[in-house]
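Here's a quick walk through one protein chain, from the whole thing down to a few residues. Have a look at the model first.

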Amino acid sequence: MPAFRQVGEKQLPQQIIFMAWSPKRDLIALVNKVGEVLLHRLANFQRVWSLPPNENTGKEVAALAWRPDGKILAFGLADTKRVILCDVEKPESLHSFSVDAPITYMHWMEVTEESSVLTSFYNAEDESNLLLPKLPALPKNYSTTAKIFSEEKSDEIMKLLGDVRLNALVLGGSSGFIEVYAYGMYKIATVTGVAGSCLGLCFSSDLKSLSVVTEVQVSPDSAPEITYFQLDTSLLSVYLPEVTRMARKFTHISTLLQYIKLSLTCMCEAWEEILMQMDSRLTKFVQEKNTTTSVQDEFMQLLLWGKASLELQALLMNQLTVKGLKKLGQSIESSYSSIQKLVISHLQSGSEALLYHLSELKGMASWKQKYESLGLDAAGIDDAITAVGSFILKANELLQVIDSSMKNFKAFFRWLYVAMLRMSEDHVLPELNKMTQKDITFVADFLTEHFNEAPDLYNRKGKYFNVERVGQYLKDEDDDLVSPPNTEGNQWFNFLQNSTHLKESPLLFPYYPQKSLHFVKRRMEGIIDQCLQKPADVIGKAVHQAVCLRLYKGSKSEDSTSRLFKLPFMWNDKSSNLHYVLFTMLESSLSKIYILRRHTDVSRSPDNGLLAVDFGNFLNNSINESSDTSFYSCVDAHFYDDETITVVLKENAEQEGKERILAQLPLSSVYVDENQEREFSLNSNKRLDEQSDDVPTRTVFLESQWRVLENMKAQYVAVNGIRKVSCVLSSNLRHVRVFEMDVEDDGEAEEEEEEEETTPIVGEEHEELTLSAVNHNSMCGGSAEVADETEEHESSLDS
């Protein structure tokens, strides 16, 4: 019976350039050549959702990585230099950030190192949950948030925080670009000193070292050299509890900034263009009227004498209309109350939480013995706290403007509505007809303040009036406010202006009366980013190169698609604290796969830990009966788990119809003699491929763990040892086969597969996925048929 059970096979419409299994679930993420990100599940390779390329985020996906808990998928875009974090539940971006170079590789790892300090931190409840009120869920009735948040729960933004245990997203790019992001959100290190474009990365789970394989272009005319670097990151390891606390706090801050950004976007959506109608109608009135009387005087005459000029009557009755006035009044009241609620419940809550976490961070920075080495700067945090204070002041100012505008507009529209009813000789209800002297004074003050013609404003904004005062706060521009708040007569403001000592006091938050809320928010984000940047620079400078090995010469004219899949492959053995690098040498015999092994602690690494693996004839001549000495070349190889490598092999013999083989290579069959790999003495002046004949070679004869891949020119493989599955991709990049690796393929299994194709899948062992994305197939635009899931499988999502 063939090893491994085939559970799915599909011909895909587009060429696949990336494959990555979820670490916790039976899901595989794919990227095709047109830039579409796809999520498929194991059973019958059914599609769950797809995310088409987007002009705003980018179209050229160059790297893919799963968060260790399997709840977030990250992908890097080369054309826009952006990294997108996408929720597995729904094909929408939860968070994104820009980087300085095009991404070529991503690796997301989890720290497994344990200590009493870390354990107490992991188990302790976050104090912010006890001291701060829970952030209100963002409303779903705005298009911005409706795309991101499902109907059942709209607090997905907090999913970005993930588990307390530290995990790190490592990004590699061109020109030696390497950055490390704690929890995929906060940059904790900008690594320098590595040459070339990154082909592979592997961060040890104890944070002691980072292994990197790059493609170094020595000269424009020659082929690039593939080079291995091992970087000493012991500072992160030594200060692991402090790094975890600091990173957790910074991630809270990054999440809150995203929450505030989305709240502000919802406020901008709540503000409607109809609110500008009064300004545009009055401007048109000024341009078309023949009299010299100002607009303000025209309305004043209507207020005092109850009579309007023929031109004003035409404006009110023909253009604005009674029905239009009612609609405008309702729009203003609805819009302003929505914005007011968002400011009070979301913007202020988020800002206060931000202030709390920054104050906590300031306390940590004051503990210099623990945090000074990590670059935590108390002065920079002080500036960030001040910037958040300024933002809170501006939000409060907006609340005051909304409050006064609602009162003003209500009184003005009530008066104007009655005046227009009289003009049309309609019946006016007695309760509307009552207007006290106080009401008249209120409307007169409103007309005086808001209905002044401003030629300067026309030159700037193309209008003479700015009756509507709230929209200017929500505009994302650097210009000063058209109508800043009137500070005349404000005793506190005058007192501060005249006091030389208080004006520059660090105890008072600076106030920007001329600027919009968006401007103050952007300024706050810039200062906080600057404050978060310093530790990344300090930690990055502490990382230094420990090992540099020139491996082999790359191919000069190589197809970009094949480069995406090409070895080397890197792996971190958490239990033994070892780094492995798998590679084949392009210029030498393809039959061998080389395994480079180094300890994560650079001080303990042997001089060389290198072996070559040769594959002997293990098929018992079942394919090539005339050959007694058949050997096989390794086409692709990935670590299945700490003890096994999954390989795709092809025959070396020159013959038609050569079959490809999927096999499991146990490391125990390779490392029989622990001293064998140390026999080789590397000459650092030469590349490894120039001395490959001296590398100790182990010939392996596989016994049972292999399977012939019939009718498939298999080229690449993606595996998940936790879920015990693999996905094989053919050389045309469209044909995929999925296997369960710990089950033998027998007749019964084949019959089961046939049944699966015709009956709904409910109780299948691997159908653990209860994704809300199932309900969004219409968004996928594909023909994926997703079976309904029962609620009983929710408990086994992460089993």
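## The chain overall

The protein chain has an accessible surface of about 35600 Å², and carbon and sulfur atoms hold 47% of that (Shrake-Rupley method, 1.4 Å probe; for residues, only the protein chains shown count as cover). Keep in mind that this is a predicted model, where local features need pLDDT of at least 70 and side-chain atom pairs need pLDDT 80 or more, while totals for chains, interfaces and linings use all residues. Residues are numbered from 1 along each chain as its sequence is written, and side-chain values use heavy atoms, with hydrogens and water left out.

Out of 799 residues, 55% are buried (under 20% relative accessible area; exposed is over 50%, partly exposed in between, with a 1.4 Å probe and protein chains only). Among contacts (heavy atoms within 4.5 Å) with a separation of 6 or more, 66% link residues 24 or more positions apart.

## Helix H7 and Glu298

H7 covers residues 295-305, with Glu298 in it. Its buried residues are Val295, Gln296, Glu298, Phe299, Met300, Leu302 and Leu303, and they pack against H6 (277-288), H8 (310-320), H11 (378-423) and H13 (437-450). After H7 comes Gly306, with a positive phi near 75°.

Is Glu298 buried or exposed? Glu298 counts as buried because its relative accessibility is 3%. Its side chain makes a polar contact of 2.5 Å with that of Ser309 (a pair of N or O atoms within 3.5 Å; within protein, one must be able to donate a hydrogen and the other to accept it, and residues adjacent in sequence count only if both atoms are side-chain atoms).

## Two loop residues with positive phi

Most residues other than glycine have a negative phi. Ser175, though, has a positive phi near 55°. Ser175 sits in the loop between strands E11 (167-173) and E12 (178-182), and counts as exposed because its relative accessibility is 70%.

Lys724 isn't a glycine either, yet its phi is positive at about 60°. You'll find Lys724 in the loop between strands E27 (714-720) and E28 (725-730). At 35% relative accessibility, Lys724 is partly exposed.

Terms used:
Helix = DSSP H or I, 4+ residues; strand = E, 2+ residues; numbered from the N terminus.
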